[in-house]
Amino acid sequence: MIGELTGNVPTGPLADAWTQHKFDMKLVAPNNRRKFDVIIVGSGLAGASAAATLGEQGYNVKVFTYHDSPRRAHSIAAQGGINAAKNYKSDGDSVQRLFYDTVKGGDFRSREANVHRLAEVSVDIIDQMVAQGVPFAREYGGLLDNRSFGGAQVSRTFYARGQTGQQLLLGAYQQMMKQVQLGTVELHTRSEMLDLVVKDDRACGIIVRDLVTGAVTRHSAHAVLLCTGGYGNVFYLSTNAMYSNASATWRAHRRGALFANPCFTQIHPTCIPASDDFQSKLTLMSESLRNDGRIWVPTDADDTRSPDQIPEAERDYFLERKYPSFGNLVPRDVASRNAKAVVDEGRGVGPLKNGVYLDFAAAIERVGVHVIKERYDNLFQMYERITDEDPYKVPMRIYPAVHYTMGGLWVDYHLMSNVPGLFVLGEANFSDHGANRLGASALMQGLADGYFVISYTLANYLADLLGTPAVPVDDPVFAHAQATVDDQVKRFLSIGGTQSVDHYHRELGKIMWDYCGMARNRTGLEKALSEIPALREEFWKNVRVLGDGPMNQSLERAGRVADFFELGELMVRDALEREESCGGHFREESQTPDGEALRDDHRFAHVSAWESGGPGGTPTLHREPLTFDNVHLTQRSYK
Amino acid sequence: MHVTLHVWRQAGPGAPGTMETYDAPDISEEMSFLEMLDVVNERLNSQGREPIAFEHDCREGICGSCGMMINGQAHGPERGTATCQLHMRKFADGEHIYIEPWRAKAFPVLRDLVVDRSAFDKIVEAGGYITAPTGAAPDANLTLIPKDVADAAMDAAACIACGACVAACPNSAAQLFTSAKVNHLNLLPQGQSERYQRVLGMVDAMEEFFGSCTNHGECQEACPKEISIDFIAYMNRDYVRAQLKNRKLLSQD
């Protein structure tokens, strides 16, 4: 039974809490670390940085990734940058301000202590990554350059062209590969985790399927770290990579880990609009473009002129008009909802009238085309490849798309789930971004968790286990978990239905987008809650998974989509239960007179953590109250 | 559009493979090449035929998962473009398109168009890093890095390790990949302490798996990130120097 949910936040003044807590936690001596086995699932920023650090410290680390190389994790696709409170621009930044901006940006639904720690270690991350050779952008004098991002009035974002995620991931990956060579990290590529093994209420291992040979194997450890990213692909169309999935976290959820705030999903305002029904994913255009691009639509919904023929007076720069102090740099949720509003009014642009303009003409005139090229050329090229339009000449067309999930497995201040020994890092946990993540903060959190938090908190957990061997893989708990995995594989191959896995994924995605997307209401959510189980039932009766060999990509997808069905339903349930608007969660019933998200702090200043009800069962809601002692709860305003 | 595909099908490592032909009518010009393959696979699946296995993930040209020979060219006809960002508008209606996996001894076929590129990770393991243990770093602005240096390092670091350079090379050499990895770090001030042992380690690892470079330059043409073969020259220079360098005098350059 799960008792009262507590974040295990240290007491005392916030500014010193992490420092003091590091001193208070238990340690594992260097010569004892080799006695501990640690499993890390996922090799993105969080997983690779944790593996490198724990490997260096002397633990026996095993890393599992379903990719052919750890360097392909979806962190690699992050474009714009990483925040850090370095205040190199002397424009008023500080740890306190990054903390404040993040709590406010998250619409007061995150844990203060976690966010403060994140802001504190942000400065160490930049130092660490530069030391590893990440080629951040530089000014001519050789110092690091910064840009600004949404939700902030300071320049605190470090970047490497439009490929910041790639460069940070390569840094962490390289540091991890050094440990692979030294033998402290054992790498398992093309290996997908399909179950968590729990014994006596502690996480003790995982079940893994080799995607090439099809072999299912058991792996035991003293602790399991899930660093497996978010679940945006529930929506089918998202900016996430095609393989990104929730199976590792979802199967851990089924084994007892609570899933927190599943309805907190982020819709990114600047993506390329869908062009046809065959669209397999949506492509993000970095938020950094909002530094120089101006967002507008024609005043008149019936205006069919090309954008350069529309005079200034007949353009509506709706963000600049409504939010004069932040303008085009309002946070993502605000920018997205406003784009949706103008498209819903019929003022959308492009052949399907499903976008808004992001216009660089003014910036090109102001700073010259060479400067814009320097800043964004790779993004402009990517846009042209996809749309066949040149953004140096014609404004980009953009529209919001699912991008990031703030929800995830519930963790305490130690990043440990309610299942002892199961830690969750990066996007896979729910911890730091509340109801809305600020741009350039995902990379920061992944690296903070992996580099600067987990090594302390994991040692604190392991210290008590000294002398306890890991559970052997011939223990019945492993056999039982493996049987579950084997059964599911057999079941998929024996259905022999008529529709593909992708067909069902697309249908699920439509339900999720229509009823649990950018705006939600009771009627729609209740509809989704009846449609999803019906579709899931059909999926299990009528999906066709062919298989004539060990490597079977349809089978891989089938398992992931099966989990999306269950998770999608939980997201809807959570959205229905949270009768307030906050950040990315916009309930139409709860808005201010001018259409902004209206929170209900009296009823909902808490984390909603769901306990699995088992197959077909109803999940149970647990609440962790959130208190705000350092930031005053206010209605967010970016005007 | 209506195209005809000729695709390499191979059930598993070591199994015999063959080119199979698939008719692909009703293809939209707006589709990406991989979306076209998605549609073909959906149709195969509905006919009870095994879909074509291929690797892909981000579909934004950055993860490096995708890659296939398209009409004999690595990643197909568009310059500086990975397969996932290639669109059907670059092909003609009625065209026959030949799709094969990367062809290189160091990249054995696992299934259909999926190959094993783990040799690249072995090269990185052999020195493709700067030793900087977590937590030990000085302030990031302590070392000034001239913009030209940072930009050049970034040009090299843009490599996505897709393997097109190897597939395009008549010798299946991996010089462009290895030199990109070496130079990303060797050009930076932070990378100087390990500069020579890095180049030795990585080049030696490369030669365990891959062929030798004879300056064809096909790699540069095929590279979706348009990485320059100048980096191969820099790598060779460092490799030669590494043989002669008295490491005790490294700080006196």
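Me: Into which domains is chain B divided?
Reply: This is a predicted model, where local features need pLDDT of at least 70, side-chain atom pairs count only at pLDDT 80 or more, and totals for chains, interfaces and linings use all residues. Residues are numbered from 1 along each chain as its sequence is written, while chains are lettered from A and ligands numbered from 1 in the order in which they are written. Domain bounds come from an automatic or database domain assignment. Chain B has domain 1 (3-111) and domain 2 (117-252).

Me: How many residues does each domain of chain B give to the contact?
Reply: Over C-alpha atoms, the domain centres of chain B are 30 Å apart. Residues are in contact if their C-beta atoms, placed from the backbone, lie within 7 Å. Domain 1 of chain B gives 18 residues, and domain 2 of chain B gives 16.

Me: Which helix gives the most to the side of chain A that touches chain B?
Reply: The contact takes 63 residues from chain A and 66 residues from chain B. Helices (H or I, at least four residues) are DSSP runs, numbered from the N terminus. Elements giving two or more residues to this side of chain A include helix H3 (45-57) and helix H6 (164-182). With nine residues, the top giver is H6(A).

Me: Leaving aside neighbours within four places in sequence, which residues is B:Cys165 in contact with?
Reply: Set aside those sequence neighbours of B:Cys165. The contacts left are B:Ala174, B:Leu176, B:Phe177, B:Cys219, B:Ala222 and B:Cys223.

Definitions and conventions:
Two residues are in contact if their C-beta atoms, placed from the backbone, lie within 7 Å.
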